[in-house]
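Please keep the viewer open and follow the stops below in order, making each selection before reading what is said about it.

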Amino acid sequence: MDARNFTFMFYGFLAAWLIVLVYIVTLARRSGRLRKELEDVKQLFEDKQAAPKAR
Amino acid sequence: MSIQTKPLNSSDAAVPSGPATSANSVVVDRLIYAFAGLAAILLAYNLYQIFMVLGDELQQGAIYRIIFFHVPAALTAFIGFFVAMVLSVVYLSTNNLKWDSLAAAINEVSLVFACVNIVTGSIWARIIWGIWWTWDYRLTSMLVCILIFFGYLLLRQSIDEPTQRARLSAALSIFGCVDIVIVWKSIEWFRTQHPGPVLSIRTGGGSMDPTMEAAIYRNLIPLLLIAISLVILRARQESTAREIDSLRRRLM
Amino acid sequence: MNGLSYAWAIARKDLAVEFRTKESLNAAGAFAIVILLLFSFAFDTASDEPAELAGKLLWLVFAFAGALIFNRGFAREMPNECLDALMASPIPAASLVVGKAFASFVLLLIVEAVSLFACGIFYNMNWTRRLPALFIVFVLATWGLSIVGAVFGALTVNLRLRELMLPVLIYPLMIPLLTGAIELTGALLTNQPLTPDVLLWGRVLIVFDVVFTSLAILLAEAILLN
């Protein structure tokens with residue numbers, strides 16, 4: 001293979017996948033946060049529904 | 001006015017569907033893995049082709065290979081923006097928030113691919129043109145595109161009420177997509193530094209080696225698959241957020 | 001009454017209020033002059049052809065001053081829930097947007113006339129040579145700015161960061177329009193012949209106006225419904 005400009009080609013490929021990777025990481029973090037929030041809200045909801053019966 | 005009753009209905013439906021959604025999400029999980037796995041296999045094959053089989057471009061050396069990601073990334077982004085526009089129209093005519101979530105997810109993922117396009121292009125330009133950036137019309141239109149859809153995400157962030165957010169961002173999605181077409185059409189009228197159209201759908205063939213052009217299209221498939229799996233992930237987050245929102249409302 | 005006469009009623013109402021208080025006219029006019037002043041520090045005003053620069057300068061000024069006017073358009077209906085009352089009235093949403101756009105259009109044209117005059121004095125530029133053609137360009141481009149401004153004024157009216165979001169959203173959308181207006185105005189102010197290349201930008205302006213006016217009419221209901 002022609003070796004001219006090989007480093008910058010490498011940078012280009014690296015940058016392309018880095019952007020996608022960073023996006024995936026932010027997606028994963030947001031997923032985790034949302035899941036936790038959903039658990040919390042569901043817990044609150046169940047507590048509230050259970051409360052009148054206990055009384 | 002019937003629209004205002006919609007969120008209440010959907011929030012009623014959202015709560016009892018606990019076990020059903022988890023079964024659903026297993027299927028969706030498998031779908032994401034399937035798409036991503038298929039993308040990985042295709043990508044490995046394409047990378048082998050790009051590096052080992054395809055010859056070198058005469059003048060540019062190794063760096064011309066960036067085009068195999070640069071062009072498919074742009075195509076993925078544009079396909080995404082267009083599909084999101086169609087889904088926005090569907091949302092406005094059905095008022096089903098499902099379409100809004102999907103449109104939002106697609107626009108966000110398309111924005112990522114638009115960034116991939118512009119960054120790879122910039123790195124290529126540093127070598128071939130000697131500059132990182134030029135106000136060539138095609139570069140400018142991609143930047144305009146990124147700014148418009150960044151504005152779309154900003155708009156979504158600044159509205160809390162789901163149906164209002166959905167209607168306004170659908171309108172922006174339609175305006176933005178139509179605007180891009182107008183911006184894009186003006187390229188052909190303006191002198192330009194960017195290499196002219198090379199794909200044979202634009203030129204009628206002849207300006208690019210067919211094996212190289214085929215490699216561009218072949219690489220579009222894995223990128224689209226990656227985009228689709230990211231969209232599914234993102235859309236699922238939106239529906240989780242909706243579920244949280246409706247639970248919160250019922251708590252109040 | 002049909003949609004157009006409703007729009008005309010809205011525009012007349014807005015213009016009457018505006019000419020009585022002159023709040024956005026004064027603000028936008030003063031803002032335009034201030035920007036023209038600031039540009040005099042940013043660029044070499046002693047250059048041979050100030051008219052070449054002026055075409056570019058003017059449209060930036062108009063875009064900036066326009067944002068002030070567009071911001072007021074729907075925001076002025078916020079106190080006392082006037083917007084809700086307007087939406088509850090038999091006026092169609094499309095007429096409301098088009099009427100608002102027309103009011104902004106007239107106001108912006110006034111600001112443009114003042115800026116053009118000021119620019120002629122400050123930058124020693126002869127702008128009267130091709131006045132009819134210049135007027136057509138100004139009308140076409142200003143309508144495009146106004147209709148986008150009205151739609152996005154309606155879109156951002158309930159947002160927390162209204163004043164900030166409006167420019168962020170409208171300027172990228174306006175780029176084809178501004179490029180066309182700059183090219184045509186530059187050619188007219190420097191008294192160059194209108195080559196087919198330059199005239200193509202006239203077509204961009206017309207396409208932009210037609211497409212965005214139709215979209216505004218189609219989407220007005222969705223944007224304004226609360």
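What percentage of the 55 residues in chain A is buried? In this predicted model, buried residues make up 11% of chain A, and if you colour that chain by secondary structure you will find one helix and zero strands.

Select chain B next, which has eight helices and zero strands, so that from the N terminus on its elements run α-α-α-α-α-α-α-α. Of its 252 residues, 39% are buried. Among the contacts in chain B between residues at least 6 apart in sequence, 82% join residues at least 24 apart.

Now show chains A and B together and select the residues in contact between them: 31 residues come from chain B and 27 residues from chain A. On the side of chain B that touches chain A, the elements giving two or more residues are α3 (67-94), α4 (97-128) and α8 (210-251) of chain B, and α8(B) gives the most, with twelve residues. Coloured by class, that side of chain B has 19 nonpolar, five polar and seven charged residues.

Stay on helix α8 of chain B and centre the view on Thr240(B), which is found there. Is this residue buried, exposed or partly exposed? Thr240(B) has 19 C-beta neighbours inside 10 Å and therefore counts as partly exposed. Not counting residues up to four places away in sequence, Thr240(B) touches Leu34(A) and Leu38(A).

Turn next to the contact between chains B and C, which takes 22 residues from chain B and 21 residues from chain C. The elements that give two or more residues to the side of chain B that touches chain C are α5 (137-157) and α6 (162-187) of chain B, with the largest share, twelve residues, coming from α6(B). By class, this side of chain B has 17 nonpolar, three polar and two charged residues.

For the last stop, select the largest nonpolar core, which has 141 residues. The members touching the most other members are Ala103(B), Ala171(B), Val97(C), Val148(C), Val151(C), Ala220(C) and Ile223(C), while α4(B) gives the most residues to this core, with 17. Finish on Val151(C), which touches Val97(C), Ala216(C) and Ile223(C) when residues up to four places away in sequence are not counted.

Technical notes. Residues are numbered from 1 along each chain as its sequence is written. Chains are lettered from A and ligands numbered from 1 in the order in which they are written. This is a predicted model: local features need pLDDT of at least 70, side-chain atom pairs count only at pLDDT 80 or more; totals for chains, interfaces and linings use all residues. Two residues are in contact if their C-beta atoms, placed from the backbone, lie within 7 Å. Helices (H or I, at least four residues) and strands (E, at least two) are DSSP runs, numbered from the N terminus. Ala, Val, Leu, Ile, Met, Phe, Trp, Tyr, Cys and Pro count as nonpolar, Asp, Glu, Lys and Arg as charged, and the others, Gly among them, as polar. A nonpolar core is a set of buried Ala, Val, Leu, Ile, Met, Phe, Trp, Tyr and Cys residues joined through C-beta atoms within 7 Å. A residue is buried if 20 or more other C-beta atoms lie within 10 Å of its own, exposed if 12 or fewer, and partly exposed in between; C-beta atoms are placed from the backbone.
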